[in-house]
Amino acid sequence: MKLTFCKTLFLALVVVGLVSIGAGVASAQDVYKVNYFSNNAAPAPDATVRIDNPGLTYGNLCAMIYVFDADQQLTECCGCVETHNGLRTLSVRRDLTSNPLTGKVSTNGVIKVVSAAVNNSPCDPTANVSPKANLRAWVTHIQNPVGAAFPITETESSDSTLGATELANLQAQCAFVNILGSGQGICSCGTGD
């Protein structure tokens, strides 16, 4: 009798533990956009990132932007206000890669955008990022040269699932960049809004 009770209690505790772990891994939907940039060097033309707030929430949102080099290091980050029906345009060369933490400008890399509620300052990508749907983003891609011409394509950023661990890592890495960089590693918000 005691052994059966202990097994039942143990099983119940395991189930509760698994449910708790599952709840901690909950992820936000329609808040995380991922794209790439390539050939970010002269004589290739500049690439462009465009971000729109289509107005699901009918209010301002933050585009929390995290730029990674192809070697997986965060090089720049920033938070930009995106108004309802607003269009923000950012230059990959001038706004997102010209002020890297290490001083080495990325030629190829990844751009991650988290759609979030306006927080302090009004958009701080280092802490208290509260994902909120539904920014949209597009990026132009500078392809490898064909003769003297660089073909340009444009794609919508891919939706990805934003887990709690990824969000915490993005905020922490950006906070370190802000602390260590003394102004280096902070991207700018381009034009619009």
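1. A term to settle before we start: a residue counts as buried when its relative accessible area is under 20%. With that in hand, have a look at R88, which is buried, and at E82, which is buried too. The two side chains meet in a salt bridge, with 3.8 Å from N to O. The cut-off for such a contact is 4 Å. Please keep in mind throughout that this is a predicted model.

2. How many salt bridges does the structure hold? The count is 7. In general terms, side chains of opposite charge can pair when their charged atoms come close. One group deserves a visit in your viewer: D30, K33, R136 and D159 are joined in a network of salt bridges.

3. The K33 and D159 pair links distant parts of the chain, since K33 belongs to strand 1 (residues 27-37) and D159 to strand 9 (residues 158-163), 126 residues apart.

4. Is K33 buried or exposed? K33 is buried, because its relative accessible area is 4%.

5. On to helix 3, which covers residues 164-181.

6. Which residues of helix 3 are buried? They are L167, L170, Q171, C174, V177 and G181. These residues cover an arc of only 120 degrees around the axis, and therefore sit on the same side of helix 3. The face turned away from that buried side carries the exposed residues T165, F176, I179 and L180. If you follow the chain just past the helix, you reach S182, which takes a positive phi of about 50 degrees.

7. Last, the rings. A search of the whole structure for aromatic pairs finds 0. A charge over a ring does turn up, however: K112 lies over the face of F68, at 5.0 Å from the ring centre.

Terms used. Residues numbered from 1 in each chain as written. Predicted model: local features only at pLDDT ≥ 70, side-chain atom pairs only at ≥ 80, totals over all residues. Heavy atoms only, no water. Phe/Tyr/Trp six-rings, centres within 6.5 Å; stacked < 30°, edge-to-face > 60°. Lys NZ or Arg CZ within 6 Å of the ring centre and 35° of its normal. Helix = DSSP H or I, 4+ residues; strand = E, 2+ residues; numbered from the N terminus. Expected span 1.5 Å × (residues − 1). Buried < 20%, exposed > 50% of the residue type's maximum accessible area, 1.4 Å probe, protein only. Arc of directions from axis to C-beta.
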